[in-house]
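Please open the model in your viewer and keep the selection panel at hand. The stops below say what to select next and what is there.

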Amino acid sequence: MSPEATEFLGTFVTETYYYWASVFMLAIHAGFLAYEGGAARTKNVLATMVKNLLTLSVVGLSFYFFGWWVYAGFSIFPRFGPILGPWTSELPANLGTLDGDGLLDFVASTYPWSTAMAPNLSDNLTGVFWFAFSLFAMTTASIMSGAVIERIRLGAYLILAVVLGGFTWVVAGSWGWNYWGWFNTMGYHDFGCSAVVHGVSGFFALGVLINLGPRIGKYDANGTPRDIRPHNLPLTMVGLMLIFVGFYAFLAGCVIFGPGATVESTIYGSPMTLASIGVNTTLALCAGIVGAYLGSKGDPFFTISGGLAGIISVGAGLDLYSPPLVILIAFIGAVTMPWVGKWIEKIGIDDAVGAFAVHGYCGMLGAMTVGIMASGYQVLDYPPINFGGQLLGTFLCTIVLGLIPGYGVSWVLKKMNLLRVPPEEEIEGLDIGDFGVTGYPEYTIVPEAAERTEAPISH
């Protein structure tokens, strides 16, 4: 084989690896569609599923027009310099241990008009990396979608999805999940995006839920929560199994392997193996389901969510933990997750699918735990992993880039009367209100009992 052919083979392997990892990530969205459609009541199933389809569309477009550039351009902002853009021709002089080599070229390649984004025989990789990151962005926005089902206006939801998937998550990724990100200089580590994806989206959803209020009938006149069961629990379980499959691909997409490389690494530059991700993800999935089953006393809805809770609880250190440690941390995260979900419900927040408990709580737990269990591990010339770095990074992801923008944007939408559908439409069902048809036209939908529609809308 000629040297040129050998070199091209290395490029083709990298291109193929990320292409198919991204394709399999779409299973996450098929899973969200089935999971949330099953979790909704019969009268809202079409509206719920169409919302999921539109999430892919608007977040994918927003990530093309500005999200990809935000990921590249915000990496050293504001700690080491301004936002990088077409007006920037050199890097600041105070980058310290942060390696800025190649950053400006990366920024230039992310503009929508860049030749790197078009069919280009000299660049096989920029487009395929955009493909992978756009799926990460869609996943982040989809995490919020299940929490707000059955009462949010479609337009308001799409605005929130663009803010979350096209901007705030991307800033978190730029700072904390990026070779050039400034979180590297404080010893932050988050291989599987416990805080960078799950923490941001779970807390963003919590901020939206505070303004959105509970579904009509969720609480009785005394404020006691009522159980609103999924209309198709088996479909929710199939959906979560698809999400599990997609998350194996998501985590495989977190592994860095480029042409000419002699070792696989994380996005921080630390060495690792794909095999360890296979072992640890499987163990976290298994321990999580067992933990949630015990923690929820056998509740099917929480039990199936336990697999995801386990993976997220160990995600930040999945590349570093030994298998026994993975089992322990995943079990603790999943066994406590149902308690967090029920506590949120008791204080008047109606999270229809437990998104905050699974993603927000377990994401925060996972990011903080790596600051204890992997403390002292050092990557390149950066400071070793430490609890302070994990604490600050997790705070910025969950509160500054999650809770505050989620609450702020939804508060503005609420004041403009754009956030929530009218009570009459909510009682009749969003399928009729939005589309004029039901998801099951062959069957008669029985109206809910009167006491279910007379409870206060907000708490």
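**A tour by selection**

Begin by selecting glutamate 426, which counts as buried at 3% relative accessibility, where buried means under 20% relative accessible area, exposed over 50%, and partly exposed in between, computed with a 1.4 Å probe on protein chains only. This is a predicted model, in which local features need pLDDT of at least 70 and side-chain atom pairs count only at pLDDT 80 or more, while totals for chains, interfaces and linings use all residues. Residues are numbered from 1 along each chain as its sequence is written, and side-chain values use heavy atoms, with hydrogens and water left out.

Select arginine 215 and aspartate 350, whose side chains meet in a salt bridge at 2.8 Å, N to O. The pair links distant parts of the chain, 135 residues apart, with arginine 215 in the loop between helix H6 (194–212) and helix H7 (233–252), and aspartate 350 in the loop between helix H10 (323–346) and helix H11 (355–373). Helices (H or I, at least four residues) and strands (E, at least two) are DSSP runs, numbered from the N terminus. Are these two partners buried or exposed? Arginine 215 is buried, with a relative accessible area of 3%, and aspartate 350 is buried at 2%.

Now select lysine 218 and glutamate 345, whose side chains form a salt bridge of 2.7 Å, N to O. Lysine 218 lies in the loop between H6 and H7 and glutamate 345 in helix H10, so this pair ties together parts that are 127 residues apart in sequence. Lysine 218 is buried, at 4% relative accessible area, whereas glutamate 345 counts as partly exposed, at 24%.

Turn next to the cysteines. How many disulfides does the structure hold? There are zero, a disulfide being a pair of cysteine sulfur atoms within 2.5 Å. Select cysteine 254, for which the nearest cysteine sulfur, that of cysteine 193, is 4.6 Å away; cysteine 254 is buried, with a relative accessible area of 1%. For cysteine 286 the nearest cysteine sulfur is that of cysteine 362, 16 Å away, and cysteine 286 is partly exposed, at 43%.

The last stops concern the backbone. Most residues other than glycine have a negative phi, and most peptide bonds are trans. Select phenylalanine 77 and proline 78, where the peptide bond from the former to the latter is cis, with omega near 0°; proline 78 sits in the loop between helix H2 (45–73) and helix H3 (103–109). Then move to lysine 297, a residue other than glycine with a positive phi, near 60°, which lies in the loop between helix H8 (274–295) and helix H9 (300–314) and is exposed, at 79% relative accessible area. Finish at leucine 380, where phi is again positive, near 50°; leucine 380 lies in the loop between H11 and helix H12 (387–415) and counts as partly exposed, at 48% relative accessibility.

How values were computed: A salt bridge is a side-chain nitrogen of Lys or Arg within 4 Å of a carboxyl oxygen of Asp or Glu.
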